[in-house]
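Hi everyone, thanks for coming. Let me put the structure up, and then we can walk through it together.

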Amino acid sequence: MEKKGFTKTADTRIMVKSKYAALCKRNLPSWAGEADLNTKDEDVLKKLALDFYQKYNHLTYLLVYVLLYLWFLGLEHVTKPVYYMHCTLDDMVPFMPVFVVPYLLWFAYVGGTVAFFAIVSKADYYRLLHFIYWGFGICLFLYMLFPNAQHLRPHALGHDIFSNIVRIIYRDDTPTNVAPSIHVVLSIGTHIALSQYARLRRNWAVYYGSFVMMVTICLSTVFIKQHSVMDGLLGALLAFILYVFVYRHDRIPAMGELGRGVIREINP
């Protein structure tokens with residue numbers, strides 16, 4: 001009987017507390033509940049924003065490209081050429097406007113590969129961007145140190161669609177700052193990045209498809225007379241040097257330690 005009475009008393013107390021809480025809630029001003037909901041919403045939004053930043057903060061590294069591109073645009077307007085790129089092979093290479101297609105596909109090839117690695121592999125994403133930024137930056141520095149240009153563009157163009165596109169490129173892109181060729185450097189770097197990615201290394205369709213794209217883009221620079229053969233060779237040489245330092249750094253002790261430290265920070 002005592003136990004039963006005790007239970008009844010406890011239940012009564014719980015009911016009283018519940019009624020008191022409901023009465024207090026009823027007497028609160030209307031904005032109090034709204035403020036509580038707003039606070040919760042803000043907390044959720046902050047958490048979502050923090051999660052988004054932690055997941056995608058590596059994309060902020062793309063801002064470096066914006067700075068490099070602005071540097072390039074500045075040079076396009078101030079460069080006064082001292083060196084003109086030309087060799088005997090240039091006179092043997094015909095003008096083929098259809099190669100403007102792979103020349104423009106360069107943007108999708110490089111940009112698409114960067115986007116792919118940004119999603120699937122941060123380590124490969126950073127390696128590729130290191131290659132691109134060092135390659136782009138060294139080219140710009142060489143343009144300042146050795147102001148160069150070329151006089152290979154044909155004086156007369158056809159009226160087919162490919163020639164019209166080439167005409168637009170000639171109008172918007174000056175024939176200065178050509179050696180080394182940025183198109184060649186970054187095309188080779190993009191192919192290296194894809195061929196070094198573990199999940200694609202044995203995918204022959206991707207490997208050979210990328211290889212053909214790289215070679216076609218490099219050839220397009222001379223077939224539409226945007227670059228001298230010398231520009232392409234210098235670009236290939238620079239790409240090889242960057243490949244050793246960015247992707248084969250273990251062969252150089254100091255760079256090996258630096259590279260391993262960077263990868264550990266990316267993938268702790």
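Let me start with a question: is phenylalanine 131 buried or exposed? Phenylalanine 131 is buried, with a relative accessible area of 0%; buried here means under 20% relative accessible area, exposed means over 50%, and partly exposed is in between, with a 1.4 Å probe and protein chains only.

Before going further, a word on the ground rules. This is a predicted model, where local features need pLDDT of at least 70 and side-chain atom pairs count only at pLDDT 80 or more, while totals for chains, interfaces and linings use all residues. Residues are numbered from 1 along each chain as its sequence is written, and side-chain values use heavy atoms, leaving out hydrogens and water.

Now the overall picture. The chain has eleven helices and two strands; these are DSSP runs numbered from the N terminus, with helices (H or I) of at least four residues and strands (E) of at least two. Reading from the N terminus, the order is α-α-α-β-α-α-α-β-α-α-α-α-α. Of the 268 residues in the chain, 37% are buried. Among contacts (heavy atoms within 4.5 Å) with a separation of 6 or more, 86% are between residues 24 or more positions apart. The accessible surface comes to about 17,200 Å², and 68% of that belongs to carbon and sulfur atoms; the areas come from the Shrake-Rupley method with a 1.4 Å probe, and for residues only the protein chains shown count as cover.

On to the aromatics. Rings of Phe, Tyr and Trp (its six-membered ring) pair if their centres lie within 6.5 Å; planes under 30 degrees apart are stacked, over 60 edge-to-face, and the rest tilted. By that rule there are 18 aromatic pairs. One of them joins phenylalanine 131 and tyrosine 247, a tilted pair with 6.4 Å centre to centre and 50° between the planes. Phenylalanine 131 sits in helix α6 (residues 122-145) and tyrosine 247 in helix α10 (residues 229-247), so this pair links distant parts of the chain, 116 residues apart. Tyrosine 247 is buried too, at 10% relative accessible area.

And how is the pair of tyrosine 207 and tyrosine 208 arranged? It is edge-to-face, because the planes are at 85°, with the ring centres 5.2 Å apart. Here tyrosine 207 counts as partly exposed at 29%, and so does tyrosine 208 at 48%. There is also an aromatic cluster made up of Tyr61, Tyr125, Tyr126 and Tyr133.

The largest pocket has a volume of about 550 Å³. It is lined by 26 residues, and those closest to its centre are Phe72, Tyr103, Phe107, Asp173 and His183. Helix α3 gives the most to this lining, with six residues.

The largest cavity has a volume of about 30 Å³.

Technical notes
1 Å grid on protein atoms, 1.4 Å probe; cavity = no way out; pocket = protein on both sides within 12 Å on 5 of 7 lines; lining within 4 Å. Points joined across faces, edges and corners; volume = space filled by probe spheres on them.
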